Amino acid sequence: MVVEDLVVSYGDLRAVDHASFNAAHGEVTVILGPNGAGKTSTIEVCEGFRTATSGNVSVSGLHPLRDHAALTRKMGVMLQGGGVYPSSRVGEVVGLYVDLYDKGASADELIDRVGLGHRRSHTWKQLSGGEQQRLSLALALAAVPEVAFLDEPTAGVDVSGRQDIRRIVTDLATTGCAVVLATHELDEAERLADRIVIFHQGRVVANGTLAELRAGNDGLRFTSSPELDDTELARHLNAQVTRGPEGRFVVAADPTPSLVARLSQWLADHSLPLNDLRTSETLEAIFQRIVDSTGDGQ
């Protein structure tokens, strides 16, 4: 999937401002951004459900609007909520989608795959929020898609269900599907993403792998008591120590075993805790750093 110089405007409001990015087959591309950043408008254009103001979009070699009938045969769409008649039963609605796509998928296998085998005879409105998400995923999979658009796939899903959905998403990419996943769950995104695209105020402000987005921000990260004397610790480690909110600290040095050992011993000598030790920047920290750096007026 290729998005080039995309603009989406609603009257005087420019929701998407010259956005460009690719989503490759065989990869999970995660779309992140604050509410109102332009993610949904962009994805709706890619799905052929919204008209772009300008720019070019190609999904599996097809134009989302001009070739929409052909595109619907190749894409699966998972909505965040709704889209299913409340009285539809799980087995019936999955069977209907499988028949409509006629791509060789098995309704029973899809239902079991998303963990709803025990809920076949239940209606949509009888399902919990997490179970409704599982059903929505099954409907997207019925297309045996070349490209899959998944909106908040793990929202409201329990721990076991999240593991099932992660496995399904990873398997989709492994089979060559281009998976485009929009989420606010940064931990989920960090686990699944091959590539990350961050939107802010309608623009793409970051686009790359986790390693690329972390580049230049290496260091040892940990949480300890706010009473920690970061000046004394910096002197002991011979490295810059930056204090963040809620007792978070970053040591600007290569996170070697020797450095970890020296840090641990210093904290022990000062009766200070060592929590949440990390040798790389989390996606949450990356996201916040990038969004903050753009500024509200950008």
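View 1. Four bridges join the parallel strands β3 and β8; strands count as paired if DSSP finds at least two bridges between them. Strand β3 (residues 28-32) also pairs in the parallel sense with strand β7 (residues 178-182), over four bridges. On that side, I31 is set opposite A182. Helices (H or I, at least four residues) and strands (E, at least two) are DSSP runs, numbered from the N terminus. This is a predicted model, in which local features need pLDDT of at least 70 and side-chain atom pairs count only at pLDDT 80 or more, while totals for chains, interfaces and linings use all residues. Residues are numbered from 1 along each chain as its sequence is written, and side-chain values use heavy atoms, with hydrogens and water left out.

**View 2. The two faces of strand β3.** In a regular strand the side chains alternate between the two faces of the sheet. V28, V30 and L32 point one way from β3, and T29 and I31 point the other way. Five of the five residues of β3 are buried, that is, under 20% relative accessible area, with exposed meaning over 50% and partly exposed in between (1.4 Å probe, protein chains only).

**View 3. The aromatic pair F21 and F199.** The structure holds two aromatic pairs; rings of Phe, Tyr and Trp (its six-membered ring) pair if their centres lie within 6.5 Å, and planes under 30 degrees apart count as stacked, over 60 as edge-to-face and the rest as tilted. The ring centres of F21 and F199 are 6.1 Å apart and the planes meet at 85 degrees, so this pair is edge-to-face. F21 belongs to strand β2 (residues 13-22) and F199 to strand β8 (residues 195-200), so the pair ties together parts 178 residues apart in sequence. F21 is buried at a relative accessible area of 5%, and F199 is buried at 0%.

**View 4. The aromatic pair F222 and F249.** F222 and F249 are stacked, at 5.5 Å centre to centre and 20 degrees between the planes. F222 lies in strand β10 (residues 220-223) and F249 in strand β12 (residues 248-251), 27 residues apart. Both F222 and F249 are buried.

**View 5. Helix α5 and its cover.** Of the 13 residues of α5, 12 are buried, among them L135, L137 and L139. The cover of these buried residues includes β5 (75-78), α3 (90-101), α4 (107-113), β6 (147-151) and α6 (159-174), where contact means heavy atoms within 4.5 Å.
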